[in-house]
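Here is a short report on one protein model. Please keep the sequence and the 3D view open while reading.

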Amino acid sequence: MALTLYVDTARWRAHHKHVQEQFPGLVPVCKGNGYGFGHERLAEEATRLGSDVLAVGTTYEAARIKDWFGGDLLVLTPYRRGEEPVPLPDRVIRSVSSIDGVYGLVGARVVIEVMSSMKRHGISEQDLPQLHAAIENVRLEGFAIHLPLDRTDGSDAVEEVIGWMDRLRAARLPLHTMFVSHLKADELARLQQQFPQTRFRARIGTRLWLGDHDATEYRGAVLDVSRVAKGERFGYRQQKAASDGFLVVVAGGTSHGVGLEAPKALHGVMPRAKGVARAGLATVNRNLSPFVWGGKQRWFAEPPHMQVSILFVPSDAPEPKVGEELVAHLRHTTTQFDRIVDR
């Protein structure tokens, strides 16, 4: 009895191929929990795609995944002096976002990140004159720019990249490769047409692995079902049942990521109003679970336990049976499954 990730493998892989065709030179990204699939599985899928480079989040991830992927590994977190040394093979490429970082990686393969409108990390235009001397002692694999997802000011992503290309070219820095993130396929094509001597490589994770929502589905197995009467006490906190119904114990708890949610950026009146309503219900211990039964998302009977959740299903809904599975709407990047089933 488990929380299972079901994958329509043929459909999932067809989506990968489609994205790869849209983005020539694609660099798959495998970081965090492997977008819900795990590092080993995504390393296998990247190999299947014929990728020569796989991007990972940290040096620790690179150390774990190096035995599962035979190509180059690009570490996205920028190098900082004083970081814990992690033994890595020469095929690992480090990202750098400062002049000091470049000087700290003598002999290493590096990608230099430039500061975008994200304002997260990257070298500035004022740093460029110092780069000539700094890159003499490293093996420069290219430059990189990480762009924002939304452009509420109406600015153009392509123009932002062109601006940096012009600055780098004016500084007489090598422009053989530019790694980019969060560009559309037509935007990448525009850049490639304008700068034919530069190879643009899109680093893609979410769109590649999670772009086809119907290719994957989480389901939690029903472990136990108990009838409960209105006013009857139950659970760790011995709350009273609000009405007659069923307490359904389903696989999937906090250790799986159930009940955990990353903050979301809300745009518009309705999403904000719904957010306020959810917060209000939570104050009286009314929390909607990600599990669906009888066509409806069901409420947690109490906060999820470590490996299971207890749901309240009212008596007017069908009674779940032990062994049945409930669809669960879970965020891949915060979920750990018990097993994965290809079908």
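Predicted model: local features only at pLDDT ≥ 70, side-chain atom pairs only at ≥ 80, totals over all residues.

The sections below cover the sheet, a pocket and the aromatic side chains.

Leu74 faces Ile93 of strand 5.

## The second largest pocket

The second largest pocket holds about 920 Å³ of space. Its lining counts 35 residues, and those closest to the centre are His146, Leu149, Ser181, His182 and Thr206. By type, the lining splits into 14 nonpolar, twelve polar and nine charged residues.

Which elements each supply at least two residues of this lining? They are strand 8 (177–181), strand 9 (199–204) and helix 8 (206–210). Strand 9 gives the most, with three residues.

## Aromatic side chains

The whole structure has three aromatic pairs. One of them joins Phe195 and Phe200. Phe195 has a relative accessible area of 5%, so it counts as buried. Phe200 is buried too, at 2%.

Trp12, Phe37 and Trp209 are linked into a cluster by ring pairs.

## A charge over a ring

Arg167 sits over the face of Trp164. The distance to the ring centre is 5.0 Å.

Technical notes: Residues numbered from 1 in each chain as written. Heavy atoms only, no water. 1 Å grid on protein atoms, 1.4 Å probe; cavity = no way out; pocket = protein on both sides within 12 Å on 5 of 7 lines; lining within 4 Å. Points joined across faces, edges and corners; volume = space filled by probe spheres on them. Helix = DSSP H or I, 4+ residues; strand = E, 2+ residues; numbered from the N terminus. Nonpolar A, V, L, I, M, F, W, Y, C, P; charged D, E, K, R; others polar. Pairing = 2+ DSSP bridges. Phe/Tyr/Trp six-rings, centres within 6.5 Å; stacked < 30°, edge-to-face > 60°. Buried < 20%, exposed > 50% of the residue type's maximum accessible area, 1.4 Å probe, protein only. Lys NZ or Arg CZ within 6 Å of the ring centre and 35° of its normal.
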